[in-house]
Amino acid sequence: MPGNKLAENVFYVGAKHWDRKFFDELIPLPDGTTYNSYVVKGSAKTALIDTVDPAVREQLFDNLKKTGVTKLDYIVVNHAEQDHSGSLPFVIRAFPGVKVVTNEKCAAMLKEFMLAEDGCLQIIKDGDTLELGGKTLEFCLTPWVHWPETMCTFLREDAVLFSCDFFGSHVAAADLFAAGHFYKQAKRYYAEIMSPFRNNVRTNLAKLEKFRISAIAPSHGYIHLKPAAILEAYKEWSSEEVKNEAVVAYISMHESTKKMAEYLREALIDRGIDVHFFNLQGADIGEIAIQLVDAATFVIGAPTVLAGLHPVAMNAVYIANALRPKTKFVSLISSFSWGDKATDAVKAALTNFKAELLAPVVAKGYPKEIDLKGLDRLADDVAQRHRAAGILK
Ligand code: FEO
């Protein structure tokens, strides 16, 4: 990063994990990630806001040294997840007497994770403040974005909101202040991490309105020096509004489901619907998650295999279900050789979708004229629902 100064006596001291490939061994990280930590120096006390993933903790210590930090009085922990709290034991050891400042739920987690003990913990409540001398930290509990203990810390004098995961993005970049390009990575992050907690996102956005925010400094990726753009994006993504879009994601063994998926794609396009089309074999699940943020319709294409839904499709359905998207309509297109088991498997798996199930199209073997008519009927059903919802003219 060309410079690490966020405001007067406020500095970035985080770590960049350029080549990390997955988060939770699940979420692809095509652009790597960062764990953003910040130092706030008051005239009397110095605070570190969050630590970093222990795998790259040396960067944190190097940056503290470069920033001239020889004494730390407080470590504010906004979130207990180990990518931000995992280096706590090392920082506590390096700065004897430092207090770990966090809320009660987070403190309990830190103890369970064996990252902090009672003696160093200082518990705060919603709205409490911490004076550093000309710098005042105000704590704002923001539960379930995305864990129960998550909170934000607002630096009053400089109007900087340290939001931890909230408003974050998985991207390692030379200049994290260059947030003009934040949109796609922030949307991917929202889709993968925040989407299951859409209602809580809305509640916490409303809670943050009491602050006059001039910058948002999350704990992953870009720092938002013009926060209106990311706040507006979050409002849009977390709303219940959907777009005239369909996600068609398929896997095929012998070209039958592929033929059906391609036919449906064209039929939907012909009817004026914007289609996001994915072959699930080797697909980046994050790209699908991004499209599920807005799409009104989700169609899964998968054959029956081993007396159930194809496992690659089942994995996608499982993850999509866990993301709880606001999708309004779902359906299945499928092919089987001697027994259809995919339909029941999809119905049983999509428990979190508050969506209408449009009649599936299931072909025995390769799709024939009657199956293609079925796909036209499904495309008509989707178009009719989109029209009724006012998103297709
Ligand atoms: Fe970036 Fe929920 O940790």
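Buried means under 20% relative accessible area, exposed means over 50%, and partly exposed lies in between (1.4 Å probe, protein chains only). By that scale lysine 235, at 39% relative accessibility, counts as partly exposed.

The model is predicted: local features need pLDDT of at least 70, side-chain atom pairs count only at pLDDT 80 or more, and totals for chains, interfaces and linings use all residues. Residues are numbered from 1 along each chain as its sequence is written, and side-chain values use heavy atoms, with hydrogens and water left out.

## Salt bridges

A salt bridge is a side-chain nitrogen of Lys or Arg within 4 Å of a carboxyl oxygen of Asp or Glu. The structure holds 25 of them. Side chains of opposite charge can pair when their charged atoms come close.

| Glutamate 232 | Lysine 235 | 3.7 Å |

Take glutamate 232 and lysine 235. Both sit in helix H7 (residues 228-238), three residues apart, so about one helical turn separates them. Helices here are DSSP runs of H or I with at least four residues, strands are runs of E with at least two, and both are numbered from the N terminus. An α-helix has 3.6 residues a turn, so residues three or four places apart point the same way. Glutamate 232 is partly exposed, at 47% relative accessibility.

The second pair reaches further along the chain. Aspartate 294 is buried at 4% relative accessibility. Lysine 243 is partly exposed at 33%.

Aspartate 376 belongs to helix H12 (residues 369-388), while arginine 271 is in the loop between helix H8 (256-270) and strand S18 (274-279), so the bridge ties together parts 105 residues apart in sequence. Aspartate 376 is partly exposed, with a relative accessible area of 25%. Arginine 271 is also partly exposed, at 22%.

Salt bridges also form a network. Its members are Lys184, Arg188, Glu192, Asp284 and Glu287.

## Helix H5

How many residues of helix H5 (residues 183-194) are buried? The count is 10 of its 12 residues, so H5 is mostly covered. Among the buried ones are Arg188 and Glu192, both members of the salt-bridge network. The buried residues of H5 pack against strand S5 (27-28), helix H6 (198-208), H7, H9 and helix H10 (311-323).

Glutamine 185 is buried, with a relative accessible area of 17%. Contact means heavy atoms within 4.5 Å. Leaving out residues up to four places away in sequence, glutamine 185 touches Asp31, Ser169, His170, Val171 and Tyr222.

## Cysteines

A disulfide is a pair of cysteine sulfur atoms within 2.5 Å. By this rule the count is zero. Cysteine 140 is in no disulfide; the nearest cysteine sulfur, in cysteine 152, is 6.0 Å away. Cysteine 140 is buried at 1% relative accessibility. For cysteine 164, the closest cysteine sulfur is again that of cysteine 152, at 8.2 Å, too far for a bond. Cysteine 164 is buried, with a relative accessible area of 2%.
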